Amino acid sequence: MSDKKAVEKAVCLIVDDIAFDRRMMRRVVGKSCPGLPMIVAHNLGEARRRLRERTVSILFLDNSLPDGRGVDFVSELAEDRDLRRVPVIIVSDFPSPFMYAKAQAANVREVWSKREFVAPAVQRAVRAHALH
């Protein structure tokens, strides 16, 4: 970890390819956790870059992205010594039983539908899971 990365405040990373959903998620996180800095990624490739650039305290990850599935990406993170600690909440339009099973095996903290992405849930998740 670089010195610069170590002194920067950890951020919330939101990964979603749909602009409307990114705006909604940013708005909800901003209102429910006003002091938590946020960055966004539009796809998994960008998420990989963001995770290398900054310390991420919590990751809200869409499951269906143009370059892969979030649930598969979490398995990739679990193999990385530094990134396996990042708490992940998968946020999907239509969570399936298969997704829940795969997410549980990869140590995902929670799986939500997008309609469950509301301020009380975000506040609870950040308090319970975010790295400080």
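Which residues of the largest nonpolar core touch the most other members? Let us come to that by way of the overall fold. This is a predicted model, in which local features need pLDDT of at least 70 and side-chain atom pairs count only at pLDDT 80 or more, while totals for chains, interfaces and linings use all residues. Residues are numbered from 1 along each chain as its sequence is written, and side-chain values use heavy atoms, with hydrogens and water left out.

The chain holds 6 helices and 7 strands; these are DSSP runs numbered from the N terminus, with helices being H or I of at least four residues and strands E of at least two. From the N terminus on, the order is α-β-α-β-α-β-β-β-α-β-α-β-α. The C-alpha trace spans about 40 × 35 × 25 Å along its principal axes. A compact globule of 132 residues would have a radius of gyration near 14 Å, and the chain, with 13 Å, agrees; this radius is taken over C-alpha atoms, and the globule rule is 2.2 Å times the number of residues to the power 0.38. Of the 132 residues, 47% are buried, where buried means under 20% relative accessible area, exposed over 50%, and partly exposed in between (1.4 Å probe, protein chains only). Among contacts (heavy atoms within 4.5 Å) with a separation of 6 or more, 64% join residues 24 or more positions apart.

Now to the opening question. The largest nonpolar core has 25 residues, and Leu-13, Val-15, Leu-51, Leu-59, Leu-61, Phe-73 and Ile-90 touch the most other members. Such a core is a set of buried Ala, Val, Leu, Ile, Met, Phe, Trp, Tyr and Cys residues joined through side-chain atoms within 4.5 Å. Strand 1, strand 2, helix 3 (44-53), strand 3, helix 4 (70-78), strand 6 and helix 5 (97-105) each supply at least two residues of this core, and the largest share, 4 residues, comes from helix 4. Apart from this core lies another, of 20 residues, among them Met-25, Cys-33, Ile-89 and Ala-125. In soluble globular proteins, nonpolar side chains tend to be buried together. Ile-90 is worth a look: leaving out residues up to four places away in sequence, its contacts include Leu-61, Val-74, Met-99 and Trp-112.

Next, turn to helix 2. Seen down the axis, the buried residues of helix 2 fall within an arc of 165°, so they line one face; the arc is that of the directions from the helix axis to the C-beta atoms. Those buried residues are Asp-21, Arg-22, Met-24, Met-25, Val-28, Val-29 and Ser-32, while Phe-20, Arg-23 and Lys-31 are exposed on the other side. Asp-21 counts as buried because its relative accessibility is 10%, and its contacts beyond four places in sequence are Asp-16 and Lys-114.

The buried residues of helix 2 pack against several elements, including strand 1 (11-15), strand 3 (56-62) and helix 6 (119-129). In helix 6, the buried residues are Ala-121, Val-122, Ala-125, Val-126 and His-129. Down the helix 6 axis they fall within an arc of 125°, so they too line one face. Pro-120, Arg-127 and Ala-128 are exposed on the face turned away from the buried side. The buried residues of helix 6 pack against helix 2, strand 3, strand 6 and strand 7 (110-113).
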